[in-house]
Amino acid sequence: MRSIWVDESLTKRHWFNVASAPSSSTLLSVRDLTVHHGQLLAVDAVSFDVHHGAVLSVIGANGAGKSTLLRTIAGLNHATSGEISFEGTDISRYPAHRRVTSGISLVPEGRRLFQSMTLEENLLVGAHKAAPGVFDVTAIYDLFPWMKDRRKSKVRQFSGGEQQAVAIGRALVANPKVLLLDEVSLGLAPIVIERIYEIVPQIVASGIGVLLVEQDVSQGLRVATRVLCLLEGRTTLEGAPEDLTPEQIEIAYFGSHLVAESSKESS
Amino acid sequence: MTWVNILVQGVLIGGFYALFACGLSLMFGVMKVINLAHGDMAVVAGYVAVFLAPKWHVPEVWSFLIVVPLFGLLGYVLQRTLLQKSIDRDPFTTLLVTFGLSVIIENLLLAIYSANGQSVNIGSLVSKSFQLSSSTYVSYVALTVLAVAVVVLGALQLFLSRTNTGRVIRAVSDDREAAQLCGANYKHVFGIAAAISFATVALAGISYGVMTQFAPTSGGANLLFAFEAVVIGGIGSLWGTLVGGIALGIAQQYGAHVNPAYQILFGNLLFLVVLAVRPQGLFGRKEAMA
């Protein structure tokens, strides 16, 4: 799987010792999280854990509450009730910037780069409160070799896929323990999505726990250690992707009511 | 040679406008706050230099060494308390709060120091000048103020582009939420921007007091010129503000040459023309208008 985007040999050469990252320990723990958007119930009593070196994919249709869930964990939205704890500490009341220094980084939906700045400046802002760790600006250039030559270019000139890579780089340079990825595939061509997702295994191998949100179910399943399906803010399915049947996922994604109706029509 | 004189005097006063305006531009760029008390803060700095500095046994002209950091501190505290509280509500509240501050400051100054004109005493140096051509004299004071403006704008530009704190200020200005996701405490960043704004306007206020007379109500007129300099130059560009201030200064000098009563009118006309032809300003980006 050679790629101009990712130099795989790098991750194997240095940076981390996979054995030192215990796969069973819980990093992020969410319990009965409920979030409202004004009057609207966006997330309804959702619970899950994110572990070291594992990927939890949250799938669900448009408006299922996926982005709200990630934004609440990152501290941009406020929870109505429930608890978010990180490495055993309740961080529910931390402001967003303190969650970053605690070890949670969000790659927001729509990338949200600093448009007036160069690529390198974007990464430097991402690194300005960084925890010590394997990722620094140079490491990001190793991860995405094309960036080095264009580090002085303004990011607004970049393509969608390039901007997405910068957004991921900007989150990684903070050396998070948990990386939240919100709809990284949105608006990108399939080939570009594939390249972006190529780096997820490398991120995970460094011991980072990944919580990602995807509308694209097959993409969400492919990289996941565990899957969680949201429907209208509620958890409708949770499990390891290999244990789930397509029918189960379909019902969890669209709701049993709708699936039953559509199968009636087709018969 | 009148043209040379118009240009030279316009450039000299334009430097002052830019010094006055850069803090206004910074606060608008970073927290989207239009500080209607900006001009009054400059006047307060002038009064502190004239009335309080002698009590501290500091020569009036050197008072900026104390007044500028003091105003920086005041800006930070005011931002973290009153202004942040109003920003948390909505933009209209912020506008009302700064307008209220402006009214309170003007009336307090009137009550304490009366409406008499004051100026910062620097002795006989105030009237010294050198002759550039037969009809053009350059005042040392105005030249010094221009130099101060260029140095301050240059230092601010370097600070914003080269330092970590400066980059974070620009990041918050670009996208506040994304900056938070990079670990920036935006309220603290707002405080730093307000500190810079207040410190520069204090320097502008003392400069104004050296150049000419000021009274409790001087803030409003200067605030208008500062607005015009920022809009002509383009929001978000410091060198644009300098060019905007200079363009405004030249237009005013030209107006004064046509008829002394037209000085301010010609400045306003230039402002209107720029708004109509190039609303993003001479150095502004189109997307910065959103």
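Predicted model: local features only at pLDDT ≥ 70, side-chain atom pairs only at ≥ 80, totals over all residues.
Residues are numbered from 1 along each chain as its sequence is written, with chains lettered from A and ligands numbered from 1 in written order.

**Exercise 1.** Work out how H2(B) and H4(B) are oriented to each other.

*Step 1.* Find the angle: the axes of H2 (residues 38-52) and H4 (residues 91-113) of chain B come within 10 Å and cross at roughly 25°. Axes are lines fitted to C-alpha atoms, for helices over the stretch in contact, and angles run from 0 to 180 degrees between N-to-C directions.

*Step 2.* Apply the cut-off: H2(B) and H4(B) are therefore roughly parallel.

*Step 3.* Look at who touches: H2(B) brings residues including Val43(B) and Tyr47(B), while H4(B) brings residues including Ile105(B) and Leu109(B). Contact needs C-beta atoms, placed from the backbone, within 7 Å.

**Exercise 2.** Decide how well H6(A) is covered.

*Step 1.* Count: 11 of the 13 residues of H6(A) are buried, where buried means 20 or more other C-beta atoms within 10 Å of the residue's own.

*Step 2.* Name some: among the buried residues of H6(A) are Val166(A), Ile168(A) and Leu172(A).

*Step 3.* Find the cover: strand E6 (104-107) and helix H4 (119-127) of chain A are included in it.

Methods:
Buried ≥ 20, exposed ≤ 12 C-beta atoms within 10 Å, placed from the backbone. Helix = DSSP H or I, 4+ residues; strand = E, 2+ residues; numbered from the N terminus. Contact = placed C-beta atoms within 7 Å. Parallel < 35°, antiparallel > 145°, perpendicular 65-115°, else oblique.
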